[in-house]
Amino acid sequence: MNKYQAVAISLMTVFACARVPEAVFEDVPFSVLPCPVSVQTGSGYFEITGAPIYIDKAFDPSCRAVAEGFAGRLKQVSSMRNKVVPEPAGLSFIYQEMDAESYCLDVTEEGATILAGDRNGILYAVQTISQMLPSSFFSDTTSHTRYRLQSVSIKDSPHFKYRGLLIDSGRHFFPASEIKRCIDIMSVYKLNRLHWHLSEDQGWRIEIKSRSRLTQVGSVRRESQVGHWRDSLDHVQYGGFYSQEEVRDIVKYASDRGITVIPEIDLPGHMMSALAAYPELGCTGGPYEVATTWGVKKDVLCAGNEETFRFLEDVLTEVLELFPSEYINIGGDECPKARWEECPRCQAKIKELGLKDTDSHAAEQYLQSYVTNRIQAWLAERGRKIIGWEEIMQGELAPGATIMSWLGSAAGIKAAEKGFDAIMSPGEFMYIDRYQSEEWDAEPVSIGGFLPVEKLWSYNPYEGVTEEAKNHITGVQANLWTEFICTSDYLEYMLLPRLAGLSEVQWKAPEEKDYGRFRAALDHSRDIFEAMGYVYCKAPWGIVGMPSEERPARSPEELEEYLKTRPAPWAVSKEEGRKLFIVR
């Protein structure tokens, strides 16, 4: 043996005897939102990075795609491949018949097993696993981090089948990329309905090829109201709309994440943008313009004009081609009847239909029921159903409609008692265009009111509902109206962290919620927002204001003094309002 061979053998012996450093894991407390129905945690761990993955052949391709997508995500963030294997091992996705959107997750030191019967069940199991990991898992940066799961046994299913969020693109237009970001964070919290508000007095936002003037004329307004004063206008032209290609892309993007997109084409009110494009559809014939100020407008579609229905059928025909959802939202809210009361064609239609005033409703309200029921029947012939705001109950509503209760809970309760399905969306708890902090001088201008995440979380959709009617309360929805929300940053700021609180209202039975547990878990959600690059309100963590203006919140004593002198948001001066308003 020469000296070089001796050195080599010595080095090999040293390396063989050297102790391999143990992996360092960043563990987080169990902080999943919404909290699963049943959770039992253990003390052991299973390393998920690099583990083999088994996907039951009984799953259809869409289910397999979710599981394979999760494996791809693990590789992206850790740079370690999770090989798909033919037999159960490591992380196993097993098919088992169970209720829709339900899943079971068992993690031991030997491996992790997911049981589910449909794609959303798998998706929600994956989202639960994701939230059990450090927030770096949600980052787009490859961290080369090794991840492990705490031992746990979970049985989980949603309490409400409709778990919705409304995004209003009518008042302010948000690019398709931002709508996708909203979908991404909805998916994290297991929401399954995006109610997309696409037509409004202030702008028509969806391409309709057979009625091209809707976007040529109706998508652009001359200027916009700034703040709460209708005489404060910015003198800047504003517009935007989604092409049909963009809509199809967004609908598929949402579907891949377990979310159905429900479009809203509001009728017969909130139609100034359509009237500007097609003035012959109004009672007076115009001229009309796309509204430049917020609020309810008295010009609406003429219910006595058959061309109105041809127009609506043209629009809805293309909407149905773009959106495969079972439901179409037809609005029906805030439709003044002043024009109909003076319109010869509307009055002739009232006479033709034999509509008369009653103790509960005027003839013109029954005329709106005629419009609603006619569109409902047309959609039913094409296999679709309607959702409408609670005003569609005024008059005579045909069976099969779903009511969205927004002025309070009373309409939803009444609808459920009458046998209609209802979605609870009362403004007091579910209108997330309201301030998240009482320090309005630090917040961007909002419509008013105070709705912190803890108040939203506290909402009980069953309050006042009889046992017999509870089966008709099919869901809960929060609404993000955008009169004062004109940038993507502001949209996200108003959405988060309230979306996390919303998820518990939608997923959990009211008696199963625990605020202490929720608040502790919210800290992990904050880290997820940071990792995903979202703008969010930090009021729950003692900071107020948008990122560029944020500052520490007042002390309780300072806040008490401030609240004594704080004016209503519409009472501050116009100049102050302009300073508070985020200029686009």
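Visitor: How many of the 13 residues of helix 4 are buried?
Guide: Ten of the 13 are buried, so helix 4 is largely enclosed by the rest of the structure. Here, buried means under 20% relative accessible area, exposed over 50% and partly exposed in between, using a 1.4 Å probe and protein chains only. The model is predicted: local features need pLDDT of at least 70, side-chain atom pairs count only at pLDDT 80 or more, and totals for chains, interfaces and linings use all residues. Residues are numbered from 1 along each chain as its sequence is written, and side-chain values use heavy atoms, without hydrogens or water.

Visitor: Which residues in helix 4 are buried?
Guide: They are Ala176, Glu178, Ile179, Lys180, Cys182, Ile183, Ile185, Met186, Ser187 and Val188. A helix is a DSSP run of H or I with at least four residues, a strand is a run of E with at least two, and both are numbered from the N terminus.

Visitor: What span should helix 4 have, at 1.5 Å a residue?
Guide: The 13 residues of helix 4 should span 18 Å, and its end C-alpha atoms are 19 Å apart, which agrees. The expected span is 1.5 Å times one less than the number of residues.

Visitor: And what comes just after helix 4?
Guide: Lys190 is found there, with a positive phi of about 65°.

Visitor: Let us switch to helix 17. Where is its kink centred?
Guide: The kink in helix 17 is centred on Asp523 and amounts to about 25°. The bend at a residue is the angle between axes fitted to the seven residues ending there and the seven starting there.

Visitor: How far apart are the end C-alpha atoms of helix 17?
Guide: They are 25 Å apart; the 18 residues of helix 17 should span 26 Å at 1.5 Å a residue, so the two values agree.

Visitor: Which residues of helix 17 are buried, and what covers them?
Guide: Phe518, Ala521, Leu522, His524, Ser525, Ile528, Phe529 and Met532 are buried in helix 17. Their cover includes helix 3, helix 4, helix 14 (453–457) and helix 16 (498–507).

Visitor: One more residue: where does Thr482 lie?
Guide: Thr482 belongs to the loop that runs between strand 19 (473–480) and helix 15 (488–495).

Visitor: Is Thr482 buried or exposed?
Guide: Thr482 counts as buried because its relative accessibility is 0%.

Visitor: What is Thr482 in contact with?
Guide: Leaving aside neighbours within four places in sequence, Thr482 is in contact (heavy atoms within 4.5 Å) with Asp168, Arg171, His172, Phe174 and Leu491.
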